[in-house]
Amino acid sequence: MTATNLRSYDEALLRQSFDVARRSREAGDHPFGSLLADKDGNVIREQGNGFSSEGHDRTAHAEKLLASWAARNLSLEELQTCTLYTSAEPCAMCSGAIYWAGIGRVVFGQTERDLKAQTGAHDENPTLDLPCHVVFEAGQRPTEVVGPLLAEEAAQLQADFWSAKG
């Protein structure tokens with residue numbers, strides 16, 4: 001469900017979220033990364049996955065951690081004009097956090113369906129095959145969704161990670 005109104009900086013910022021995912025993996029965490037940008041494409045904050053760094057918290061997804069920070073630190077008016085860029089499509093939990101925080105736009109790389117096929121039934125990532133737009137469409141305020149975008153690049157972030165974890 002890619003929106004037709006791509007912004008000139010969307011691909012560059014999405015690739016920057018891929019860099020966050022790489023750093024997360026290098027630090028021993030799951031290979032997911034997100035960032036929040038304002039309406040002009042200025043990065044406000046980056047966030048990697050927190051599974052390991054947060055004490056093996058299975059809910060410490062990059063998007064959820066970033067949405068929670070945003071809800072505590074930015075106004076709803078600001079967040080409605082912000083974009084969350086993320087290496088993989090937000091799961092149902094993260095989509096709910098993004099919605100509740102009030103972030104107005106999401107750009108993602110790899111779909112949940114493709115991630116599920118790639119990771120398999122791994123205990124640390126029992127992926128939900130529920131598109132984020134379904135969660136957002138159930139809400140009372142709009143959340144624009146752009147993605148999948150650069151999906152093959154995004155999938156490479158996961159390459160060999162889950163099989164190596166056994």
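The questions and answers below go through the sheet, some backbone features and the pocket.

Modeller: This is a predicted model, in which local features need pLDDT of at least 70 and side-chain atom pairs count only at pLDDT 80 or more, while totals for chains, interfaces and linings use all residues. Residues are numbered from 1 along each chain as its sequence is written, and side-chain values use heavy atoms, with hydrogens and water left out.

Colleague: Which residue of β2 stands opposite S34?
Modeller: Strand β1 (residues 33-37) and strand β2 (residues 43-48) are antiparallel and pair over five bridges, and they form a hairpin with five residues between them, where G41 in the turn has a positive phi of about 90 degrees. Within this pairing G33 stands opposite G48, and the residue opposite S34 is Q47.

Colleague: Are the residues of β1 buried or exposed?
Modeller: In a regular strand the side chains alternate between the two faces of the sheet. In β1, G33, L35 and A37 point one way and S34 and L36 the other way. With buried set at under 20% relative accessible area, exposed at over 50% and partly exposed in between (1.4 Å probe, protein chains only), the residues on both sides of β1 are all buried.

Colleague: Which residue of β4 is the bridge partner of T86?
Modeller: Strand β3 (residues 83-88) pairs with β1 in the antiparallel sense over four bridges, whereas β3 and β4 are parallel and pair over five bridges. In β4, the partner of T86 is F108.

Colleague: What is the omega of the cis peptide bond between G147 and P148?
Modeller: P148 is in the loop between β5 and α7 (151-156). The bond that joins G147 to P148 is cis, with an omega of about 5 degrees.

Colleague: Which residues lie nearest the centre of the largest pocket?
Modeller: A pocket is an open set of points on a 1 Å grid over the protein atoms alone, where a 1.4 Å probe fits and protein lies on both sides within 12 Å along at least five of seven lines; lining residues have an atom within 4 Å of a point. The largest one holds about 300 Å³ of space, a volume filled by probe spheres set on the points, and α2 (62-73) and α5 (112-119) each supply at least two residues of its lining. Of the 21 residues that line this pocket, the ones nearest its centre are R58, H61, C91, N125 and T127.

Notes:
Pairing = 2+ DSSP bridges.
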